[in-house]
Amino acid sequence: MYTKLIFELSKEGRVGHVLPTPDVPEHDLNDFFPETMLRSQPANLPQVAENEVVRHFVNISLLNHHVDKAFYPLGSCTMKYNPKINERLASLPGFTALHPDQPENTTQGALELMYNLQEYLLEISGFSGITLQPAAGAHGELVGLLLIQKYHKMKKRTRSTILVPDSAHGTNPASARIAGFKKVVSIPSDSEGRVDMEILKSHVNEDVAAIMLTNPSTLGIFENQIVEIRALMDSVDALMYMDGANMNALFGIVRPGDLGFDVMHLNLHKSFSTPHGGGGPGSGPVAVNDKLKEFLPVPIVVKSTNGFSLKEDYPNSIGTVHSFAGNFGMYVRAFTYLTMLGKEGIPQIARHSIISANYLRKRLSAAYELGYNAPTMHEFVLSAEKQKKMGAKALDIAKRLLDYGVHPPTIYFPLIVKEAMMIEPTETESKEMLDFFVDAMLAINKEIEEDAESLHKAPFTTPVKRLDEAGAARNLDVNFFKN
Ligand SMILES: *Cc1c(COP(=O)(O)O)cnc(C)c1O
């Protein structure tokens, strides 16, 4: 394979792009910058032809796994395919060239899009008020918890306990602490993978501000005791927060507002097909019912006879949680996605994601143990305990999957399943791709039965092999050149 990258290909005088003749007068740089800030030598940029530049980027894009390359069943992350039309529309100059300080009469289209997206999200979630501002799911959790805090404060009381089931995403307890709640109580799951009601009851008291539930849970199991949990919370006027990152299982079928939750966050960069990963901009809108509406962050997009405007005048608001209006490009993508799907398409997302997950669950249970036996929604958790006894653990299986060209599932999470492998296929994969994945998992199981030892050094075909992951994160080195 031809693997030379751009820096190695540079040849003096080779040209890939011709700059247009300037249509403004040329200036002497010294007019703008002090002498000491100017380069004495031109930058050492590679001199290459256009095709070499294109091949360089195509080749490096293939070194990593990504959802445009193949299957990405990373549980809890909803790595669905991101339709390319989202990108087309988000890059329209009418959106990209906007300045957030422009007068409102020149930004009506953008405000209308935000307003309509809010309306769609309210319709899907079953709530009455929403903010688009939070930049991520965890940020949405923090905002939701600050709203809950304000609710109790307005009732002139301090509450310091947040209840969180042990199957929750790690961000839930972390957000509760960051929001200032002193006590985060972990509620164990019962043998079915649902909230243990007896233990929950024993922790309900007048210090509880709220419970944070993920539904379906990160085990992919639908929490069916919501009415009982609601009654328990009502007995002490505590609120119910829903972690809505798993909305992919509920779209168009169940509305969390109707279930009795008071507040939830949504992950546009999961369920709503805006890209995620790599630390790029995300979006975690927070929807609330009437109890919390007056506390929402400002500004809020409102519609009147004069058109759309950003309104700041809400005296009980918790304040502003993001500069300007949040990550606007994500709104364009999510809005495009929902508009393309329409009312008929939206429930199909959930149905297909549930069918895909159950198909995988059934086929894979031929060789792998299940974390829990309860039927699952859009994701499920396998346990590689059996394989571990034969000599290869979940980590080895995950690494070996890379050789088969698919991204591994989430491993060792949730913590309550030993050797957990958490699989979420999403609705965007064909049966052929699902079968390819199952065949790979079954082939790996066979390899373990025959020679588990051989997996300890996997992957064998990727550009970098087994990494010291903690070390890589702590001593980040993103230099192209090896020293
Ligand atoms: C991803 C996720 C979050 C956090 O969302 P971020 O955007 O990564 O901050 C919270 N809860 C659950 C269940 C998730 O899957």
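**Helix packing chat**

Mentor: Happy to! H5 passes H11 in a left-handed crossing, meaning the near helix is turned anticlockwise from the far one by less than a right angle, with clockwise being right-handed. This is a predicted model, where local features need pLDDT of at least 70, side-chain atom pairs count only at pLDDT 80 or more, and totals for chains, interfaces and linings use all residues. Residues are numbered from 1 along each chain as its sequence is written, and side-chain values use heavy atoms, without hydrogens and water.

Trainee: Which residues of H5 and H11 make the contact?

Mentor: Among them are Leu113, Leu117 and Tyr120 of H5 and Phe328, Phe335 and Leu338 of H11 (contact: heavy atoms within 4.5 Å).

Trainee: And how many are nonpolar, polar or charged?

Mentor: The H5 and H11 contact has 14 nonpolar, two polar and no charged residues.

Trainee: What angle do H5 and H11 pack at?

Mentor: About 50 degrees, with the axes of H5 (residues 108-125) and H11 (residues 328-364) 10 Å apart. H5 and H11 are therefore oblique to each other (under 35 degrees is roughly parallel, over 145 roughly antiparallel, 65 to 115 roughly perpendicular, the rest oblique).

Trainee: Now H6 and H7: how do their axes cross?

Mentor: At roughly 45 degrees, coming within 9 Å. That makes H6 oblique to H7. H6 passes H7 in a right-handed crossing.

Trainee: Changing topic, how far apart are the C-alpha centres of domain 1 and domain 3?

Mentor: They lie 44 Å apart. The assignment gives domain 1 as 6-63, domain 2 as 87-340 and domain 3 as 352-472, with bounds from an automatic or database domain assignment.

Technical notes: Axes are lines fitted to C-alpha atoms, for helices over the stretch in contact, and angles run from 0 to 180 degrees between N-to-C directions. Helices (H or I, at least four residues) and strands (E, at least two) are DSSP runs, numbered from the N terminus. Ala, Val, Leu, Ile, Met, Phe, Trp, Tyr, Cys and Pro count as nonpolar, Asp, Glu, Lys and Arg as charged, and the others, Gly among them, as polar.
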